[in-house]
Structure formats: C-alpha cells, structure tokens
Amino acid sequence: MGFRKTVDQKIGQVGTSFDRDTLNAELDLLHERLNLTVNRGDTFLSRVVVQGNYTIPGDASYIGVNTEIIAATLALPDGDDAIKDRVYIIKDESNSAATRNITIITGDATLIDKASTKTISTNMGVTSLFFTGTEWLTL
C-alpha cells in the first residue's frame with residue numbers, strides 16, 4: 001500500500017474509530033522507514049487555499065495562495081497565537097506570484113529573519129516559516 005493511501009486512510013479514521021496507540025505505533029514504523037521526526041501533536045498537514053488578504057490562524061500548517069487575479073498579503077499569527085516549534089508552509093499555487101506577489105507580514109512585533117516582511121515573487125514559489133516562540137525563521 002502506498003504512503004499517500006496509508007496517510008489518507010489514517011486521516012479518515014481520525015473522526016471515526018481513532019485508536020491513538022495503533023496510530024502512534026504506525027507513526028513509529030513510518031519514522032523508522034523514512035527517517036522522519038514525528039511531532040505527535042502535528043502529524044498531518046492541513047491545507048487551506050486563499051486569495052487576497054488573509055490572517056493565518058495559529059493552528060495552520062499549509063497555506064496555498066491563488067494570485068491569478070489579485071496580489072496577496074498574509075498576516076502570520078501573533079506570537080501569542082502561533083504554535084512554538086511549528087512550521088508554516090506558504091506556496092504560490094496559481095503560478096502567478098512573479099506578477100502578483102505574495103507578501104507575508106507579522107501580526108505583531110515579531111520579525112521574519114530580522115525583517116518585518118517576506119515576499120514570494122517567483123511563480124510557484126514557496127517559503128517555510130518556523131516559529132521559535134519569539135521570532136520567525138525561514139527554512
């Protein structure tokens with residue numbers, strides 16, 4: 001059974017017959033096979049696709065951005081709302097960021113690599129942001 005199919009099946013089971021011990025055992029096997037680090041509280045990515053201005057919630061993980069019609073400004077969660085040690089992935093899914101940029105701003109005084117903004121300006125561009133608890137770092 002393929003990795004993606006297995007993950008989809010596990011996601012489908014979460015709302016119905018969720019067995020934490022079984023899932024944790026399978027995650028341990030996956031860790032061994034793929035040499036992955038698994039954070040038990042944040043195992044699967046959740047995807048949201050946005051257009052225009054958007055405030056990223058603290059529990060987000062993957063934000064796809066559509067800039068076919070309009071540029072986008074995304075506000076990162078405030079330091080109080082962001083989850084420490086979490087990676088937030090932001091991607092141009094519309095192949096349009098070179099023409100209509102994606103600007104990422106902080107919602108408070110925290111900085112992104114010591115700057116107040118981060119811009120995605122290449123088509124299909126992506127950035128991953130790691131929150132340390134006090135600042136944002138690009139990966």
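This is a predicted model: local features need pLDDT of at least 70, side-chain atom pairs count only at pLDDT 80 or more; totals for chains, interfaces and linings use all residues.
Okay, confidence to start with. The mean pLDDT of the protein chain is 80, with 68% of its residues at 70 or more. The part to be careful with is residues 1–18, where pLDDT stays under 50. For that stretch the model has 11 contacts beyond four places in sequence.

Now the sheet. We've got an open sheet of four strands, ordered β2-β4-β6-β7, and the pairing is mixed. At the edges sit β2, residues 54–55, and β7, residues 117–120, each pairing on one side only. Strand β6, which covers residues 102–105, runs antiparallel to β7, and there are four bridges between them. If you want a spot to look at in that pair, find Ile104, which stands opposite Lys118 in β7.

Keep those two residues in mind and go to Thr127, in strand β8, residues 126–131. So, is Thr127 buried or exposed? Its relative accessible area is 6%, and the cut-off for buried is under 20%, so Thr127 counts as buried. And who is around it? Leaving out neighbours within four places in sequence, Thr127 is in contact with Ile104 and Lys118, and also with Tyr88, Ile89, Ile90, Ile120 and Thr138.

That last one takes us to strand β9, where Thr138 lies. Thr138 has 25% relative accessibility, so it goes down as partly exposed. Beyond four places in sequence, Thr138 touches Thr127, Ser128 and Leu129, and then Ile112, Asp113 and Lys118. Take Ser128 from that list: Thr138 is 10 residues from it in sequence, with the C-alphas 5.7 Å apart. As for Asp113, its side chain and the side chain of Thr138 make a polar contact, at 2.3 Å.

Last stop, Glu135. You'll find it in the loop between β8 and β9, the latter being residues 136–138. Relative accessibility here is 22%, so Glu135 is partly exposed as well. Which residues does Glu135 touch, once we skip those up to four places away in sequence? They are Leu111, Lys114 and Phe130. With Lys114 there's a polar contact, side chain to side chain, at 3.1 Å. And Ile112, 23 residues away from Glu135 in sequence, is 6.5 Å away in space, C-alpha to C-alpha.

To recap with the structure on screen: Lys118 of β7 stands opposite Ile104, and Thr127 is in contact with both of them. Thr138 touches Lys118 and Thr127 too. Okay, that's me done.

Definitions and conventions. Residues are numbered from 1 along each chain as its sequence is written. Side-chain values use heavy atoms; hydrogens and water are left out. Buried means under 20% relative accessible area, exposed over 50%, partly exposed in between (1.4 Å probe, protein chains only). Contact means heavy atoms within 4.5 Å. pLDDT is the predictor's confidence in each residue, from 0 to 100. Two strands pair if DSSP finds at least two bridges between them. A polar contact is a pair of N or O atoms within 3.5 Å; within protein, one must be able to donate a hydrogen and the other to accept it, and residues adjacent in sequence count only if both atoms are side-chain atoms.
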